[in-house]
Amino acid sequence: MEHLHQGNLGIRQVLREAPRATLLWIHGLGESGLGFEELMASPRLAGYSHRAPDLAGYGRSAWASGAVGLREHVEIVLRDAENLPSPVILVGHSMGGVIGQWAVAAAPQRFAAFVNVEGNISLEDCGFSRRIAEYEREAFLGAGFHRLLASIYRAGVKDLPLAGYYASMRLCDPRTLYLNSEELVSCSGAQTLAMELAALEVPTIYLYGNPRGTGAHSRSLLDVAGVPWKGIDAAGHWPFLDQPEAFLDELVAFLDTLELASSALP
């Protein structure tokens, strides 16, 4: 079943309703739920319902009256998760990894598991966010945003994930993009995200793109914290786009370890 639904998070694309569990996909900085379309359509995930929202100020969602911070995104995710068929497995990519782990930490009873895909751990993970945060706010909202778009467009000629990134970035609210970039740089610089991830009360795994994704320092922080991680070879920051089948191998292997008792089952 395919349809679009307007929920708390904005326009939410639903590719399939199924009884086993719900996969809630949370996108990264400047992106939208469209990046997960191929994964949601995969026959290997046919037993799961899927939700891929566009966060407030991103993708097809309406722009708020002002910038929307990360903690506000978390609150919206939590409100929306209350209305999803349980159990809910949250999959967060990049910024979505940070939002996801904060949501799970705040309300672990609402989630069966958490998959962090290339989520921020240290400053070395702040690729675009650090570039954006280096601007003064007004300078970015003026010419800076358009310069960023132009650079992503040029890079996307040879890098397919960046071509998709450009398409989503054009739709986002620059005010929210700038605020979220500042917040990501701040929380990544504190180097506490790995320990926070380890403290979650639900089964958790970190997936990264090797060799062009999460760097050695962040992985060392994950090791110190005791967070299990897996690498997707020949991939970068978007491993599910670079190597979708290899990504699904790891995702499905993790999902198969979970004991899911769905309230949606007949």
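**Backbone and packing**

Tutor: Pro 211 sits in strand S7, residues 204-211; strands here are DSSP runs of E with at least two residues, helices are runs of H or I with at least four, and both are numbered from the N terminus. Keep in mind that this is a predicted model, where local features need pLDDT of at least 70, side-chain atom pairs count only at pLDDT 80 or more, and totals for chains, interfaces and linings use all residues. Residue numbers start from 1 along each chain as its sequence is written, and side-chain values use heavy atoms, with hydrogens and water left out.

Pro 87 belongs to the loop between helix H2 (70-81) and strand S5 (88-93).

Now for phi. Gln 191 isn't a glycine, yet its phi is positive, about 55°. You'll find Gln 191 in the loop between H7 and helix H8 (193-198). With a relative accessible area of 37%, Gln 191 is partly exposed (buried is under 20%, exposed over 50%, partly exposed in between, with a 1.4 Å probe and protein chains only). Ala 234 also has a positive phi, near 55°, but Ala 234 lies in strand S8, residues 229-235. Its 49% relative accessibility makes Ala 234 partly exposed.

On to the helices. In H6 (residues 160-169), the buried residues are Pro 161, Leu 162, Tyr 165, Tyr 166, Ser 168 and Met 169. Looking down the axis of H6, they fall within an arc of 165°, so they line one face of the helix; the arc is taken from the directions from the helix axis to the C-beta atoms. Those buried residues pack against helices H4 (127-133), H5 (137-155), H7 (174-189) and H10 (239-242), where contact means heavy atoms within 4.5 Å.

H7 also packs with helix H3 (residues 95-106), at an angle of about 70° and with the axes 11 Å apart. That makes H3 roughly perpendicular to H7 (65 to 115 degrees; under 35 is roughly parallel, over 145 roughly antiparallel, the rest oblique). Axes are lines fitted to C-alpha atoms, for helices over the stretch in contact, and angles run from 0 to 180 degrees between N-to-C directions. Met 95, Val 98 and Trp 102 of H3 meet Asn 180, Leu 184 and Cys 187 of H7. By class, that contact has five nonpolar residues, one polar and no charged; Ala, Val, Leu, Ile, Met, Phe, Trp, Tyr, Cys and Pro count as nonpolar, Asp, Glu, Lys and Arg as charged, and the others, Gly among them, as polar.
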